Amino acid sequence: MFDHPVDQKKLVSNFFESDYADRCPALEHSVESVRELYDLGFDFIGITACEDNESLITKRQRNLLSIFKFNIPVYATGFHGGKEKILQSFSSSIWVEDHIENAIAGHRAGHRVFLIDHPYNKEEGPYTRVKNWKEIKDI
């Protein structure tokens, strides 16, 4: 993809430090579906693979608040951290993911996992594959 070495940590850090981190768009059908689930009493958390840096976490929380209109706690894994340790700290619940490794980690941690379908995650595994949040809400 690149004709020179890429510093992945710097690339990700630059993204989270940019203004775009405050205005990431919502996934298809997520605004209505997440709000309906929240109104039914479901709690939400976010786990993101970025540096465990308060300003980055605050940006992510601010972005989620602007989209969903309620506060969602955000946990950071660190740049190369997996989500399994954080997922293990929560009682068995529902986990929504788009990366295979984190979906499997959610399953190992005892959660029912929904994997949102993307071109980069076609492998089968211990999760329910869905196209969007509306499908999750309707299950």
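A: Start with Leu40. In this predicted model, Leu40 sits in the loop that runs between helix 2 (30–39) and strand 1 (46–48). Leu40 is exposed, because its relative accessible area is 65%, and the cut-off for exposed is over 50%. Together with Phe42 and Ile94, Leu40 makes a nonpolar surface patch of about 310 Å².

Now step back into helix 2 itself. Here Ser30, Ser33, Val34 and Leu37 are buried. These four lie on the same side of helix 2, because they cover an arc of only 95° around the axis. The spacing fits a general rule. An α-helix has 3.6 residues a turn, so residues three or four places apart point the same way. What lies over the buried residues of helix 2? The cover includes helix 3 (54–68) and helix 6 (133–138).

Thr77 is found between strand 2 (74–76) and helix 4 (84–88). Thr77 counts as buried because its relative accessibility is 16%, and buried means under 20%. Which residues does Thr77 touch, leaving aside those up to four places away in sequence? They are Ile47, Thr48, Ala49, Cys50, Gly82, Lys83 and Ile86.

Note on methods
Residues numbered from 1 in each chain as written. Predicted model: local features only at pLDDT ≥ 70, side-chain atom pairs only at ≥ 80, totals over all residues. Heavy atoms only, no water. Patch = residues over 30% accessible without salt bridge, like charges linked within 9 Å, V, L, I, M, F, W, Y side chains within 5 Å. Areas by Shrake-Rupley, 256 points an atom, 1.4 Å probe, with all protein chains shown as cover. Salt bridge = Lys/Arg side-chain N within 4 Å of Asp/Glu carboxyl O. Helix = DSSP H or I, 4+ residues; strand = E, 2+ residues; numbered from the N terminus. Buried < 20%, exposed > 50% of the residue type's maximum accessible area, 1.4 Å probe, protein only. Arc of directions from axis to C-beta. Contact = heavy atoms within 4.5 Å.
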